[in-house]
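Colleague: I would like to go through this entry and ask where each label comes from. Please set each value against its definition.

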Amino acid sequence: MQKLSLNQSLQQRLSPQQIQFIKLLQIPTAELEQRIEEELEINPALEEGMDMDERVKDDYEDDDYGDDYDEYGEYERYEGLDVKQYLDQDDYAGYKMYGDGWGDEDRDAMPVIATNTLAESLVQQLGYLRLDTRQEAIGMQLIGSIEEDGYIRRPLRSICNDLAFTQNIYTTEDELAVILKKVQTFEPAGIGARDLRECLLLQLERKDQEDIEVEVAVKIITDHFDEFTKKHYEKIQRRIDIDDETMKEAIRIITRLNPKPGNTGNGDSTAAYLMADFIVTNSNGKLDVILNSKNAPELRVSRSFAEMLDTYDKTDKNGSAQHKSIKETVTFVKQKLDAAKWFIDAIKQRQQTLLKTMKAIVEYQRDFFLDGDESKLRPMILKDIANRIEMDISTVSRVANSKAVQTDFGIYPLKYFFSEGIATDSGEDASSREVKNILKELIENEPKNSPLSDDKLEKMLNKRGYNIARRTVAKYREQLNIPVARLRKQL
């Protein structure tokens with residue numbers, strides 16, 4: 001028998017505006033610039049710039065995200081000019097956003113970290129230093145003197161002369177060296193070096209100086225560079241008086257450094273480098289968070305389109321015939337105006353959400369952002385930040401998945417700051433990253449002919465106060481790409 005039944009269900013669907021905000025939120029800074037360019041091309045009602053007639057501002061700009069917006073910036077009421085007389089519910093289908101809907105490729109794809117060219121990256125990082133006008137001009141001259149492979153081969157005296165002749169800035173080699181030292185702290189490591197020796201030392205300075213192998217590597221480059229270039233390793237080893245294993249590890253560290261930090265090794269002078277979405281600065285213990293300026297574009301609704309809609313409104317009030325062509329034109333104009341309004345609002349909401357999330361992360365990991373000590377990172381999961389900013393975990397995830405932050409000690413992806421916690425005997429949680437570092441240290445110092453099993457590693461970590469199970473030890477070991485004990489054994 002056939003039966004008719006009636007089922008009632010409650011479903012929540014994302015509006016086109018919500019989808020637009022979500023997609024804008026998850027893309028990094030460089031891709032945002034491209035996305036804005038695409039929107040400018042397809043929507044003539046959207047323009048670059050800020051100056052607008054006050055009447056148009058009242059109709060199409062509203063900085064208050066009060067009752068009219070939900071978390072995703074949905075626009076719930078239209079306060080523009082009255083055009084309802086031209087349209088009825090059946091004819092008006094609403095604005096179809098560019099790239100609407102979630103395809104399979106959208107669900108599976110991971111956003112790519114934003115990049116820019118080396119020159120752009122260096123100029124951007126120079127802006128983080130907050131130099132005065134004179135120092136910034138000197139920094140720009142130094143950046144302009146960097147060759148394709150990342151070196152400055154022009155003598156400082158010649159650069160001083162360039163500044164005097166071209167910009168009327170008189171400086172000394174000592175002052176130039178001070179600014180150059182700042183430029184040499186930029187990413188990528190080794191940039192701005194004047195020779196290979198300095199390039200390698202700049203990269204070694206960013207490694208753990210308490211590591212004995214790193215200390216030996218620095219000594220080799222500092223005191224025995226000529227012998228190193230000639231591969232007289234035994235001679236160096238006798239002079240430093242170190243064992244074979246330490247010497248081998250020190251050489252391995254040096255040979256893994258990048259001798260040409262200005263390119264990727266394929267001859268491409270426009271190699272891509274990580275672009276930071278946020279900048280965190282430390283001013284005497286006060287941590288300031290700002291957005292990359294590319295995240296705050298100047299956009300406005302086209303005055304001519306708004307006036308066009310106003311003209312059609314007046315035409316109807318004067319009693320003109322309601323032709324089909326007029327109706328189609330009004331529909332098109334209103335759709336584009338709505339699209340421009342929604343896009344600008346989504347960009348503003350994106351800025352607010354990014355800043356709110358980053359400030360919460362900095363507050364949570366304050367000890368790390370003060371001095372860059374990795375051991376001070378606290379266990380932190382997406383839920384911790386979501387609770388602080390009172391937003392959904394998925395929103396925090398979209399911010400963290402594809403963004404990076406510039407600090408005084410380098411650029412970090414936001415995902416770097418999230419890690420699970422491990423209970424300790426003291427009753428506090430330790431970051432999983434901290435436990436991984438200790439695990440790596442134990443394995444590096446184990447007897448080569450009798451490596452430690454996961455069971456032994458578990459017991460050693462437990463003795464140090466970390467309540468961790470053997471299967472977790474195995475998981476962390478695999479994440480560190482360290483093989484099992486039997487494969488680490490050396491005869």
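Colleague: How do you know whether N284 is exposed or buried?

Modeller: N284 has a relative accessible area of 83%. Under 20% is buried, over 50% is exposed and anything in between is partly exposed, using a 1.4 Å probe and protein chains only. N284 is therefore exposed. This is a predicted model, where local features need pLDDT of at least 70 and side-chain atom pairs count only at pLDDT 80 or more, while totals for chains, interfaces and linings use all residues. Residues are numbered from 1 along each chain as its sequence is written, and side-chain values use heavy atoms, with hydrogens and water left out.

Colleague: Where does N284 lie, and what is its phi?

Modeller: N284 is in the loop between strand 4 and strand 5. Helices (H or I, at least four residues) and strands (E, at least two) are DSSP runs, numbered from the N terminus. The phi of N284 is positive, about 55°, although N284 is not a glycine. Most residues other than glycine have a negative phi. E390 also has a positive phi of about 55°; this residue lies in the loop between helix 17 and helix 18.

Colleague: Which class of accessibility does E390 fall into, and why?

Modeller: Its value is 73%, and the limit for exposed is over 50%, so E390 is exposed.

Colleague: What makes N43 buried or exposed?

Modeller: N43 has 0% relative accessibility, so it counts as buried. N43 is found in the loop between helix 2 (29–42) and strand 1 (46–48). Not counting residues up to four places away in sequence, N43 touches K336, A339 and A340; contact means heavy atoms within 4.5 Å. In the protein chain of 491 residues, 44% count as buried.

Colleague: Why are helix 5 and helix 6 called roughly antiparallel?

Modeller: Helix 5 (residues 118–128) and helix 6 (residues 133–144) pack at about 160°, and their axes are 10 Å apart. Under 35 degrees is roughly parallel, over 145 is roughly antiparallel, 65 to 115 is roughly perpendicular and the rest is oblique. Helix 5 is therefore roughly antiparallel to helix 6. The axes are lines fitted to C-alpha atoms, for helices over the stretch in contact, and angles run from 0 to 180 degrees between N-to-C directions.

Colleague: How is helix 7 oriented relative to helix 8, and how do you know?

Modeller: Helix 7 (residues 156–167) and helix 8 (residues 173–183) meet at about 100°, with axes 9 Å apart. That makes helix 7 roughly perpendicular to helix 8. Their contact involves L156, R157, I159, C160 and L163 of helix 7 with E173, L176, A177 and L180 of helix 8.

Colleague: How many residues of that contact are nonpolar?

Modeller: There are 7 nonpolar, no polar and 2 charged residues. Ala, Val, Leu, Ile, Met, Phe, Trp, Tyr, Cys and Pro count as nonpolar, Asp, Glu, Lys and Arg as charged, and the others, Gly among them, as polar.

Colleague: What makes a group of residues a nonpolar core?

Modeller: The term covers buried Ala, Val, Leu, Ile, Met, Phe, Trp, Tyr and Cys residues joined through side-chain atoms within 4.5 Å. The largest one has 30 residues, and M358, I361, F369, I385, L414 and F417 touch the most other members. Helix 15 gives the largest share, 6 residues. A second, separate core of 21 residues includes I146, I152, C160 and I191.
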